[in-house]
Amino acid sequence: VFDNRLKKSLGGKKILVTAGPTQEPIDPVRYITNHSSGKMGYAIARAARDRGAEVTLVSGVTNLKKPIGVKVVDIVTTEDMYAEVFNYFDEADIIIKAAAVADYKPKDVAENKIKKSDSNFSIELSRNPDILLELGKVKGDKILIGFAAETNDLLKNAKIKINKKNLDFIVANNISEKGAGFKGDTNIISIIDSLGSIKKYDKMKKEEIAEIILDKVYDLIKLKE
Ligand code: CTP
Ligand code: CA
């Protein structure tokens with residue numbers, strides 16, 4: 001790995017990584033979120049730093065240690081992430097969207113704690129912006145990488161996402177497989193590129209997956225030069 005990192009340096013490149021979940025408030029004490037730990041995005045940020053890149057990490061709420069030598073921008077909601085990603089988009093050469101973004105948010109946030117009543121209660125949700133879709137529209141010659149979390153029809157769904165969001169490649173993982181997904185230290189991924197070619201990998205540590213992703217980024221940069 002060390003030799004490879006030296007060979008495939010990202011010195012001089014600016015990388016924007018997103019990681020972790022977003023949280024959408026319901027009232028002052030409650031929120032909607034998902035099981036994302038942030039581990040995958042943080043591993044990518046550390047690995048990119050170690051290859052000499054200038055790294056900005058836009059992070060949802062996680063329990064992880066802030067990586068030294070990485071600019072960490074903390075956010076809570078999807079709207080916050082959207083704003084910060086576009087703050088740093090112009091200067092970035094490479095954007096890797098590992099975050100698990102909440103697709104919906106409560107339409108209205110209650111100012112005071114919602115009290116229980118004897119009847120049923122429901123929350124009306126409204127759509128959040130799709131950050132990656134918006135990035136894809138203005139991508140230019142930047143390298144744009146997404147993730148796809150699926151429980152079924154993995155490759156079919158991931159292929160739709162890569163085209164719709166104008167990505168260079170997508171890292172697809174079946175979060176219902178054992179050893180894969182949001183919480184653990186390992187994942188089982190397939191990488192699909194913009195030509196539709198698919199490579200499936202065995203179960204690996206998230207650190208190793210980060211290196212694979214960055215090797216691919218490096219190869220893409222060389223192709224574009
Ligand atoms: N993504 C995003 N903004 C959103 C939703 C998703 O930027 N509002 C990004 C994620 O960071 C990820 C990719 O889009 O890189 C795919 O996320 P995923 O949830 O798998 O796909 P969706 O497009 O949201 O579709 P669905 O949840 O319906 O499968
Ligand atoms: Ca989604």
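In helix α6, the buried residues are Lys206, Ile209, Ala210, Glu211, Ile213, Leu214, Val217 and Tyr218; buried here means 20 or more other C-beta atoms within 10 Å of a residue's own, exposed means 12 or fewer, and partly exposed falls in between, with C-beta atoms placed from the backbone. The model is a predicted one, so local features need pLDDT of at least 70 and side-chain atom pairs count only at pLDDT 80 or more, while totals for chains, interfaces and linings use all residues. Residues are numbered from 1 along each chain as its sequence is written, with chains lettered from A and ligands numbered from 1 in the order in which they are written.

Helices (H or I, at least four residues) and strands (E, at least two) are DSSP runs numbered from the N terminus.

Turning to the core, the largest nonpolar one holds 56 residues, and Ile15, Val17, Ile44, Ala48 and Ile170 have the most contacts inside it. Its top contributor is helix α2 (residues 39-50), with seven residues. Such a core is a set of buried Ala, Val, Leu, Ile, Met, Phe, Trp, Tyr and Cys residues joined through C-beta atoms within 7 Å. Leaving aside residues up to four places away in sequence, Ile170 touches Gly146, Phe147, Ala148, Ala158, Lys161, Ile162 and Ile192, contact being C-beta atoms, placed from the backbone, within 7 Å.

Lys161 and Lys165 also turn up in the UniProt record, whose unreviewed entry puts the feature "binding site" at Asp103, Lys113, Pro129, Asp130, Ile131, Leu132, Phe147, Lys161 and Lys165. These positions span 63 residues in sequence, and the farthest two C-alpha atoms are 37.8 Å apart, so they do not all gather at one spot. Lys161 belongs to helix α5 (residues 154-164) and is partly exposed, with 19 other C-beta atoms within 10 Å. Lys165, in the loop between α5 and β10 (169-174), is buried, with 21. Beyond four places in sequence, Lys165 touches Leu132, Leu133, Gly136 and Gly146.

Note on methods
Contact = placed C-beta atoms within 7 Å. UniProt positions renumbered as here; feature names shortened; annotations may be inferred.
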